[in-house]
Amino acid sequence: ALGLWGCASSPPPAALAAEGGVPVPPAWTAPVPAEPKQERLDLARWWEAFEDPLITQWVDRALREHTSVRQAVAALRQSRAQRDAVRAGESPAVRASGSAQRGQVGEAEPGNTFRAGVDASWELDVFGARAQAIGASEADVQAAAAAVAQARVSLGAEVATNTIELRGLQERLRLA
């Protein structure tokens, strides 16, 4: 009980800083705002927080031209097309046909024959196979979208890291 009481009665971080202890950053002791800030970094473009036009230029170019991102986007398009093909099977199918024919037998007057037809069908999903196929194709689309995001983040991180390393080497060269 004394050990717990000792832990519970420790002074707040601001008091430790005032007593000459380890300084605490003011952000740690500031009250939490009721509403979060409206300024939020778009995580899809996190490298813009460095405010370095070279990083932004190189990352944007890499995202446009790198094969890993292009392959991931192509896979996403393919999975969306497959999902749409699976979904197309759940709606009724309507087919229309038509024909025209002109014929003459011997010396008789030529005759015209016209035919038109409409055929409609719809398959009931009694055992839920179609619903399961649609759910699986939707999961494939989500996985492909996640692969695109992963490829973009990975490539952006690699280019940004290399650019920051370049900036550091340039600064070392300048200082030398």
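Select Gln101 to begin; this residue lies in strand 1, residues 93-103. Strands here are DSSP runs of type E with at least two residues, helices are runs of type H or I with at least four, and both are numbered from the N terminus. The model is predicted, and for that reason local features need pLDDT of at least 70 and side-chain atom pairs count only at pLDDT 80 or more, while totals for chains, interfaces and linings use all residues. Residues are numbered from 1 along each chain as its sequence is written, and side-chain values use heavy atoms, with hydrogens and water left out.

Beyond its neighbours within four places in sequence, Gln101 is in contact with Gly111, Asn112 and Thr113; contact means heavy atoms within 4.5 Å.

Next, show the whole protein chain. Its secondary structure comprises 6 helices and 2 strands, and the pattern along the sequence reads α-α-α-α-α-β-β-α. Of its 176 residues, 14% are buried. The chain exposes about 14,100 Å², of which carbon and sulfur atoms supply 59%; such areas come from the Shrake-Rupley method with a 1.4 Å probe, and for residues only the protein chains shown count as cover.

Then select helix 6, residues 129-175. This helix has 47 residues and spans 68 Å from its first C-alpha to its last, close to the 69 Å expected at 1.5 Å a residue. The expected span is 1.5 Å times one less than the number of residues. Colour the buried residues of helix 6, including Ile134, Ser137, Val141, Ala144 and Val148. Which helices do the buried residues of helix 6 pack against? They pack against helix 4 (53-65) and helix 5 (67-88). An α-helix has 3.6 residues a turn, so residues three or four places apart point the same way.

Two packed helices are described by the angle between their axes and the distance between the axes. Helix 5 and helix 6 pack at an angle of about 165°, and their axes are 9 Å apart. Helix 5 is therefore roughly antiparallel to helix 6, a term for angles over 145 degrees.

Within helix 5, select Ser79. At 7% relative accessibility, Ser79 is buried. Apart from neighbours within four places in sequence, Ser79 is in contact with Asp140, Val141 and Ala144. Move on to Arg83, also found in helix 5. Arg83 counts as buried at 14% relative accessibility. With neighbours within four places set aside, Arg83 is in contact with Ser137, Glu138 and Val141.

Finish at Glu51, in the loop between helix 3 (26-29) and helix 4. Glu51 is exposed, with a relative accessible area of 72%. What is the phi of Glu51? Phi is near 55°, a positive value in a residue other than glycine.

Definitions and conventions
Buried < 20%, exposed > 50% of the residue type's maximum accessible area, 1.4 Å probe, protein only. Axes fitted to C-alpha atoms, helices over the stretch in contact; angles between N-to-C directions. Parallel < 35°, antiparallel > 145°, perpendicular 65-115°, else oblique.
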